[in-house]
Amino acid sequence: MIKNVKISPRQFCILVILFSIGTTILIIPAAIIKTAQQDAWISALLGIGLGLLLVALIITLANRYPNMTLVEINEKLLGRWLGKTVSLAFVFFSFISAAGLLFQVGTFLTTQMMPDTPVLMINILFACVVIMGIRLGLETLARSAEIFFAFFIILFIILVVSVAPQIDFQNIQPVFEVRMKPIIWSSLIFVSIFCLPSVVLLMVFPVSVNQPKQAKQAFFSGIIIGGLFLTIIILLGILVLGIDVASRHMYPSYAIARRINVGGFIQRIEAVMAIMWFISMYFKLIFYFYAAITGLAQTLNVKDYRPLTLPLGMIMVVMSVTLHPDILDYNQYNKGIFMVHASTYGLFLPLLLLGISAFRKKEETKQNEIP
(Lines give C-alpha, C1' and ligand atoms only; values in the text may rest on other atoms or scores of the structure.)
Protein backbone atom coordinates (compact mmCIF):
# COMPACT_ATOMS: atom_id res chain seq x y z
CA MET A 1 0.00 0.00 0.00
CA ILE A 2 2.88 2.36 0.82
CA LYS A 3 4.55 1.71 -2.53
CA ASN A 4 1.39 2.47 -4.51
CA VAL A 5 1.52 6.09 -3.36
CA LYS A 6 3.48 8.35 -5.70
CA ILE A 7 4.57 11.99 -5.44
CA SER A 8 6.38 14.19 -7.96
CA PRO A 9 10.07 15.20 -7.73
CA ARG A 10 8.99 18.82 -7.17
CA GLN A 11 6.84 17.79 -4.21
CA PHE A 12 9.68 15.66 -2.85
CA CYS A 13 12.08 18.63 -3.14
CA ILE A 14 9.69 20.82 -1.12
CA LEU A 15 9.33 18.10 1.50
CA VAL A 16 13.13 17.83 1.76
CA ILE A 17 13.41 21.61 2.22
CA LEU A 18 10.79 21.73 4.96
CA PHE A 19 12.15 18.61 6.65
CA SER A 20 15.73 19.90 6.68
CA ILE A 21 14.66 23.28 8.09
CA GLY A 22 12.20 21.89 10.66
CA THR A 23 13.10 22.91 14.20
CA THR A 24 16.66 23.52 13.02
CA ILE A 25 15.66 27.09 12.26
CA LEU A 26 14.85 27.59 15.95
CA ILE A 27 17.55 25.73 17.86
CA ILE A 28 20.64 25.69 15.62
CA PRO A 29 21.45 29.45 15.38
CA ALA A 30 22.09 29.86 19.12
CA ALA A 31 24.08 26.62 19.36
CA ILE A 32 26.56 27.35 16.59
CA ILE A 33 26.80 31.12 17.16
CA LYS A 34 27.80 30.38 20.75
CA THR A 35 30.65 28.17 19.50
CA ALA A 36 31.73 29.75 16.20
CA GLN A 37 30.65 33.32 17.10
CA GLN A 38 30.67 35.69 14.10
CA ASP A 39 31.96 32.89 11.84
CA ALA A 40 28.89 30.72 12.46
CA TRP A 41 27.70 31.34 8.91
CA ILE A 42 30.91 29.72 7.65
CA SER A 43 30.10 26.66 9.77
CA ALA A 44 26.65 26.57 8.16
CA LEU A 45 28.10 26.66 4.64
CA LEU A 46 30.58 23.94 5.55
CA GLY A 47 27.67 21.96 7.00
CA ILE A 48 25.79 22.23 3.69
CA GLY A 49 28.82 20.74 1.92
CA LEU A 50 28.97 17.85 4.39
CA GLY A 51 25.22 17.44 4.04
CA LEU A 52 25.54 17.00 0.28
CA LEU A 53 28.06 14.19 0.86
CA LEU A 54 25.58 12.48 3.18
CA VAL A 55 22.82 12.85 0.60
CA ALA A 56 25.12 11.32 -2.02
CA LEU A 57 25.62 8.36 0.34
CA ILE A 58 21.86 7.95 0.83
CA ILE A 59 21.21 8.20 -2.93
CA THR A 60 23.92 5.61 -3.66
CA LEU A 61 22.21 3.15 -1.33
CA ALA A 62 18.80 3.95 -2.80
CA ASN A 63 20.11 3.38 -6.34
CA ARG A 64 21.07 -0.20 -5.44
CA TYR A 65 17.52 -0.98 -4.30
CA PRO A 66 15.16 1.50 -6.00
CA ASN A 67 12.00 -0.48 -5.21
CA MET A 68 12.68 -0.94 -1.49
CA THR A 69 12.39 1.16 1.64
CA LEU A 70 15.15 1.23 4.25
CA VAL A 71 13.36 -1.44 6.32
CA GLU A 72 13.22 -3.80 3.34
CA ILE A 73 16.88 -3.12 2.50
CA ASN A 74 17.82 -4.02 6.08
CA GLU A 75 16.08 -7.40 5.82
CA LYS A 76 17.53 -8.16 2.39
CA LEU A 77 21.15 -7.43 3.34
CA LEU A 78 21.23 -8.32 7.04
CA GLY A 79 18.91 -11.30 7.03
CA ARG A 80 15.43 -11.65 8.43
CA TRP A 81 16.05 -11.50 12.17
CA LEU A 82 19.04 -9.15 12.29
CA GLY A 83 17.37 -6.96 9.66
CA LYS A 84 14.17 -6.75 11.69
CA THR A 85 16.18 -5.91 14.83
CA VAL A 86 18.01 -3.07 13.07
CA SER A 87 14.72 -1.87 11.57
CA LEU A 88 13.07 -1.78 15.00
CA ALA A 89 16.02 0.25 16.31
CA PHE A 90 15.54 2.65 13.37
CA VAL A 91 11.83 2.87 14.15
CA PHE A 92 12.67 3.67 17.77
CA PHE A 93 15.07 6.42 16.65
CA SER A 94 12.41 7.98 14.40
CA PHE A 95 9.76 7.72 17.10
CA ILE A 96 11.97 9.23 19.83
CA SER A 97 12.91 12.06 17.46
CA ALA A 98 9.23 12.71 16.74
CA ALA A 99 8.47 12.86 20.48
CA GLY A 100 11.41 15.25 20.98
CA LEU A 101 10.11 17.54 18.25
CA LEU A 102 6.67 17.52 19.81
CA PHE A 103 8.31 18.53 23.09
CA GLN A 104 10.05 21.37 21.24
CA VAL A 105 6.75 22.58 19.77
CA GLY A 106 5.05 22.67 23.17
CA THR A 107 8.01 24.36 24.84
CA PHE A 108 8.28 27.00 22.13
CA LEU A 109 4.60 27.92 22.36
CA THR A 110 4.43 27.98 26.16
CA THR A 111 7.64 29.98 26.64
CA GLN A 112 7.19 32.47 23.82
CA MET A 113 3.49 32.88 23.08
CA MET A 114 1.06 31.13 25.48
CA PRO A 115 2.70 30.84 28.91
CA ASP A 116 -0.55 30.01 30.74
CA THR A 117 -1.46 27.08 28.49
CA PRO A 118 -0.49 23.58 29.70
CA VAL A 119 2.21 21.98 27.53
CA LEU A 120 0.28 18.70 27.45
CA MET A 121 -2.76 20.31 25.81
CA ILE A 122 -0.63 21.93 23.10
CA ASN A 123 1.13 18.63 22.42
CA ILE A 124 -2.19 16.78 22.18
CA LEU A 125 -3.62 19.28 19.69
CA PHE A 126 -0.47 19.27 17.54
CA ALA A 127 -0.29 15.47 17.65
CA CYS A 128 -3.91 15.26 16.48
CA VAL A 129 -3.03 17.29 13.38
CA VAL A 130 -0.01 15.07 12.76
CA ILE A 131 -2.12 11.90 13.06
CA MET A 132 -4.73 13.35 10.69
CA GLY A 133 -2.01 14.13 8.14
CA ILE A 134 -0.53 10.63 8.37
CA ARG A 135 -3.93 8.98 7.96
CA LEU A 136 -4.71 11.09 4.88
CA GLY A 137 -1.58 9.72 3.20
CA LEU A 138 1.64 10.84 1.56
CA GLU A 139 0.02 12.32 -1.56
CA THR A 140 -2.17 14.63 0.53
CA LEU A 141 0.82 15.69 2.61
CA ALA A 142 2.84 16.44 -0.51
CA ARG A 143 0.08 18.59 -2.02
CA SER A 144 -0.40 20.48 1.24
CA ALA A 145 3.37 21.04 1.43
CA GLU A 146 3.25 22.77 -1.96
CA ILE A 147 0.57 25.16 -0.68
CA PHE A 148 2.20 25.88 2.68
CA PHE A 149 5.64 26.31 1.14
CA ALA A 150 4.36 29.36 -0.75
CA PHE A 151 3.32 30.93 2.57
CA PHE A 152 6.69 29.96 4.05
CA ILE A 153 8.55 31.79 1.25
CA ILE A 154 6.38 34.90 1.56
CA LEU A 155 6.84 35.10 5.34
CA PHE A 156 10.58 34.50 5.03
CA ILE A 157 10.93 37.35 2.51
CA ILE A 158 8.89 39.64 4.78
CA LEU A 159 11.17 38.75 7.69
CA VAL A 160 14.39 39.45 5.78
CA VAL A 161 13.15 42.70 4.22
CA SER A 162 11.64 44.00 7.47
CA VAL A 163 14.77 43.53 9.59
CA ALA A 164 17.21 44.58 6.85
CA PRO A 165 17.38 48.22 8.12
CA GLN A 166 18.64 46.95 11.49
CA ILE A 167 21.59 45.06 10.02
CA ASP A 168 24.97 46.10 11.41
CA PHE A 169 27.91 44.68 9.44
CA GLN A 170 30.24 45.47 12.32
CA ASN A 171 28.72 42.48 14.13
CA ILE A 172 30.20 40.03 11.62
CA GLN A 173 33.73 41.44 11.69
CA PRO A 174 36.47 40.29 11.74
CA VAL A 175 35.84 37.31 9.49
CA PHE A 176 37.80 34.11 10.27
CA GLU A 177 38.62 35.46 13.74
CA VAL A 178 37.65 32.12 15.30
CA ARG A 179 39.96 29.12 15.04
CA MET A 180 39.08 26.22 12.74
CA LYS A 181 38.30 23.76 15.56
CA PRO A 182 35.19 25.64 16.81
CA ILE A 183 34.07 26.20 13.21
CA ILE A 184 34.36 22.50 12.37
CA TRP A 185 32.66 21.44 15.62
CA SER A 186 29.80 23.86 14.91
CA SER A 187 29.43 22.48 11.40
CA LEU A 188 29.16 18.95 12.84
CA ILE A 189 26.40 20.10 15.22
CA PHE A 190 24.71 21.77 12.24
CA VAL A 191 24.89 18.60 10.11
CA SER A 192 23.68 16.33 12.92
CA ILE A 193 20.37 18.20 13.17
CA PHE A 194 20.12 19.53 9.61
CA CYS A 195 21.04 16.55 7.42
CA LEU A 196 21.76 13.30 9.29
CA PRO A 197 18.04 12.72 10.01
CA SER A 198 17.40 12.75 6.24
CA VAL A 199 17.93 8.98 6.35
CA VAL A 200 14.27 8.69 7.39
CA LEU A 201 13.36 9.90 3.89
CA LEU A 202 14.52 6.49 2.62
CA MET A 203 11.04 5.39 3.66
CA VAL A 204 9.78 7.65 0.85
CA PHE A 205 12.70 7.98 -1.57
CA PRO A 206 12.85 6.71 -4.26
CA VAL A 207 10.10 4.10 -3.87
CA SER A 208 7.28 6.68 -3.57
CA VAL A 209 8.55 9.20 -6.15
CA ASN A 210 7.18 8.77 -9.67
CA GLN A 211 10.38 9.92 -11.41
CA PRO A 212 13.36 8.44 -9.51
CA LYS A 213 16.05 10.06 -11.72
CA GLN A 214 14.65 13.57 -11.21
CA ALA A 215 14.12 12.77 -7.53
CA LYS A 216 17.89 12.48 -7.02
CA GLN A 217 18.41 16.04 -8.23
CA ALA A 218 15.42 17.14 -6.14
CA PHE A 219 17.09 15.64 -3.04
CA PHE A 220 20.28 17.62 -3.63
CA SER A 221 18.34 20.80 -4.46
CA GLY A 222 16.20 20.47 -1.33
CA ILE A 223 19.26 20.17 0.93
CA ILE A 224 21.00 23.14 -0.71
CA ILE A 225 17.91 25.39 -0.54
CA GLY A 226 17.10 24.37 3.02
CA GLY A 227 20.72 24.97 4.05
CA LEU A 228 20.72 28.42 2.47
CA PHE A 229 17.54 29.34 4.36
CA LEU A 230 19.25 28.37 7.62
CA THR A 231 22.46 30.19 6.69
CA ILE A 232 20.51 33.39 6.06
CA ILE A 233 18.77 33.06 9.44
CA ILE A 234 22.14 32.56 11.16
CA LEU A 235 23.57 35.58 9.33
CA LEU A 236 20.58 37.70 10.37
CA GLY A 237 21.02 36.55 13.96
CA ILE A 238 24.62 37.78 13.94
CA LEU A 239 24.01 40.98 11.96
CA VAL A 240 20.82 42.09 13.74
CA LEU A 241 21.17 40.76 17.28
CA GLY A 242 24.93 40.57 17.67
CA ILE A 243 26.93 37.61 18.95
CA ASP A 244 26.15 38.06 22.66
CA VAL A 245 22.36 38.35 22.32
CA ALA A 246 22.09 35.67 19.61
CA SER A 247 24.15 33.13 21.57
CA ARG A 248 22.27 33.73 24.84
CA HIS A 249 18.75 33.75 23.38
CA MET A 250 16.92 30.42 23.30
CA TYR A 251 15.30 31.15 19.91
CA PRO A 252 17.36 33.78 18.02
CA SER A 253 15.24 33.52 14.86
CA TYR A 254 12.11 34.36 16.87
CA ALA A 255 13.98 37.23 18.55
CA ILE A 256 14.76 38.59 15.08
CA ALA A 257 11.04 38.62 14.25
CA ARG A 258 10.41 40.66 17.40
CA ARG A 259 12.73 43.34 16.01
CA ILE A 260 10.43 44.00 13.05
CA ASN A 261 9.44 47.66 13.12
CA VAL A 262 8.43 49.31 9.86
CA GLY A 263 7.81 53.03 10.34
CA GLY A 264 6.59 52.50 13.89
CA PHE A 265 3.39 51.06 12.43
CA ILE A 266 4.12 47.42 11.53
CA GLN A 267 5.56 45.85 14.66
CA ARG A 268 4.99 43.06 17.20
CA ILE A 269 3.99 40.67 14.43
CA GLU A 270 6.21 37.82 15.61
CA ALA A 271 3.09 35.71 16.24
CA VAL A 272 2.26 35.96 12.54
CA MET A 273 5.87 35.17 11.61
CA ALA A 274 5.72 32.10 13.86
CA ILE A 275 3.52 30.48 11.19
CA MET A 276 6.73 29.98 9.23
CA TRP A 277 8.23 27.90 12.03
CA PHE A 278 5.02 25.92 12.57
CA ILE A 279 4.98 24.91 8.90
CA SER A 280 8.55 23.59 8.92
CA MET A 281 8.20 21.96 12.35
CA TYR A 282 4.99 20.21 11.29
CA PHE A 283 6.50 18.57 8.22
CA LYS A 284 9.66 17.50 10.01
CA LEU A 285 7.62 15.95 12.82
CA ILE A 286 5.23 14.28 10.43
CA PHE A 287 8.03 12.58 8.49
CA TYR A 288 9.71 11.32 11.63
CA PHE A 289 6.36 9.89 12.66
CA TYR A 290 5.65 8.59 9.15
CA ALA A 291 9.00 6.77 9.08
CA ALA A 292 8.27 5.24 12.49
CA ILE A 293 4.74 4.15 11.58
CA THR A 294 5.48 2.74 8.12
CA GLY A 295 8.75 1.20 9.33
CA LEU A 296 6.96 -0.62 12.14
CA ALA A 297 4.20 -1.75 9.78
CA GLN A 298 6.70 -3.20 7.29
CA THR A 299 8.78 -4.83 10.04
CA LEU A 300 5.68 -6.54 11.45
CA ASN A 301 4.32 -7.31 7.94
CA VAL A 302 1.20 -5.20 8.50
CA LYS A 303 -0.39 -4.22 5.18
CA ASP A 304 -2.09 -1.02 6.37
CA TYR A 305 -0.20 1.33 8.70
CA ARG A 306 -3.21 3.51 9.54
CA PRO A 307 -4.49 1.46 12.53
CA LEU A 308 -1.11 2.09 14.20
CA THR A 309 -1.35 5.87 14.01
CA LEU A 310 -3.69 6.52 16.96
CA PRO A 311 -2.06 4.27 19.60
CA LEU A 312 1.46 5.35 18.65
CA GLY A 313 0.31 8.97 18.53
CA MET A 314 -0.93 8.68 22.11
CA ILE A 315 2.38 7.14 23.20
CA MET A 316 4.24 9.95 21.40
CA VAL A 317 2.30 12.58 23.37
CA VAL A 318 3.11 10.87 26.67
CA MET A 319 6.80 10.58 25.75
CA SER A 320 6.92 14.24 24.69
CA VAL A 321 6.23 15.34 28.27
CA THR A 322 8.38 12.71 29.99
CA LEU A 323 11.55 12.41 27.88
CA HIS A 324 13.07 15.79 28.80
CA PRO A 325 12.51 17.67 32.05
CA ASP A 326 13.20 21.06 30.45
CA ILE A 327 14.53 22.78 27.33
CA LEU A 328 18.10 22.87 28.67
CA ASP A 329 18.14 19.09 28.89
CA TYR A 330 16.75 18.88 25.34
CA ASN A 331 19.43 21.24 24.01
CA GLN A 332 22.17 19.21 25.69
CA TYR A 333 20.68 16.08 24.16
CA ASN A 334 20.81 17.67 20.68
CA LYS A 335 24.45 18.68 21.10
CA GLY A 336 25.63 15.32 22.40
CA ILE A 337 23.55 12.14 22.37
CA PHE A 338 21.48 13.04 19.31
CA MET A 339 24.63 13.51 17.22
CA VAL A 340 25.75 9.96 18.07
CA HIS A 341 22.23 8.60 17.63
CA ALA A 342 21.69 10.30 14.27
CA SER A 343 25.16 9.31 13.03
CA THR A 344 24.40 5.67 13.76
CA TYR A 345 21.43 5.63 11.37
CA GLY A 346 22.27 8.54 9.06
CA LEU A 347 25.91 7.66 8.39
CA PHE A 348 27.11 4.30 9.72
CA LEU A 349 24.03 2.24 8.79
CA PRO A 350 24.08 3.33 5.09
CA LEU A 351 27.86 2.70 4.99
CA LEU A 352 27.36 -0.76 6.49
CA LEU A 353 24.57 -1.63 4.07
CA LEU A 354 26.60 -0.39 1.09
CA GLY A 355 29.61 -2.39 2.26
CA ILE A 356 27.57 -5.59 2.57
CA SER A 357 25.94 -4.93 -0.81
CA ALA A 358 29.32 -4.43 -2.50
CA PHE A 359 30.73 -7.58 -0.86
CA ARG A 360 27.76 -9.68 -1.98
CA LYS A 361 27.99 -8.33 -5.50
CA LYS A 362 31.71 -9.17 -5.60
CA GLU A 363 31.01 -12.71 -4.37
CA GLU A 364 28.28 -13.20 -6.97
CA THR A 365 30.65 -12.01 -9.69
CA LYS A 366 33.31 -14.51 -8.59
CA GLN A 367 30.79 -17.36 -8.59
CA ASN A 368 29.61 -16.45 -12.09
CA GLU A 369 33.19 -16.47 -13.36
CA ILE A 370 33.79 -20.01 -12.10
CA PRO A 371 33.18 -22.41 -15.02
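The residues that line the largest pocket divide into 9 nonpolar, 6 polar and 3 charged, where Ala, Val, Leu, Ile, Met, Phe, Trp, Tyr, Cys and Pro count as nonpolar, Asp, Glu, Lys and Arg as charged, and the others, Gly among them, as polar. This is a predicted model, in which local features need pLDDT of at least 70 and side-chain atom pairs count only at pLDDT 80 or more, while totals for chains, interfaces and linings use all residues. Residues are numbered from 1 along each chain as its sequence is written, and side-chain values use heavy atoms, with hydrogens and water left out.

On a 1 Å grid over the protein atoms alone, a pocket is an open set of points with protein on both sides within 12 Å along at least five of seven lines, whereas a cavity is a set where a 1.4 Å probe fits but cannot get out; lining residues have an atom within 4 Å of a point. Grid points are joined across faces, edges and corners, and a volume is the space filled by probe spheres set on the points.

| Largest pocket | about 330 Å³ | Ala30, Ala31, Met250, Asn331 and Lys335 |

For the largest pocket, the elements that give two or more residues to the lining are helix 2 (24-36), helix 8 (180-194), helix 10 (243-248) and helix 14, with helices taken as DSSP runs (H or I, at least four residues) numbered from the N terminus.

The structure holds 1 cavity of 30 Å³ or more. Helix 5 (80-112), helix 12 (270-299) and helix 14 (327-335) each give two or more residues to its lining, and helix 5 gives the most, with 4 residues. By class, this lining has 9 nonpolar, 4 polar and 1 charged residues.

Of the 134 residues in the largest nonpolar core, Phe219, Trp277 and Phe289 touch the most other members; such a core is a set of buried Ala, Val, Leu, Ile, Met, Phe, Trp, Tyr and Cys residues joined through side-chain atoms within 4.5 Å, buried meaning under 20% relative accessible area with a 1.4 Å probe and protein chains only. Helix 12 supplies the largest share of this core, 19 residues.

How values were computed:
Buried means under 20% relative accessible area, exposed over 50%, partly exposed in between (1.4 Å probe, protein chains only).
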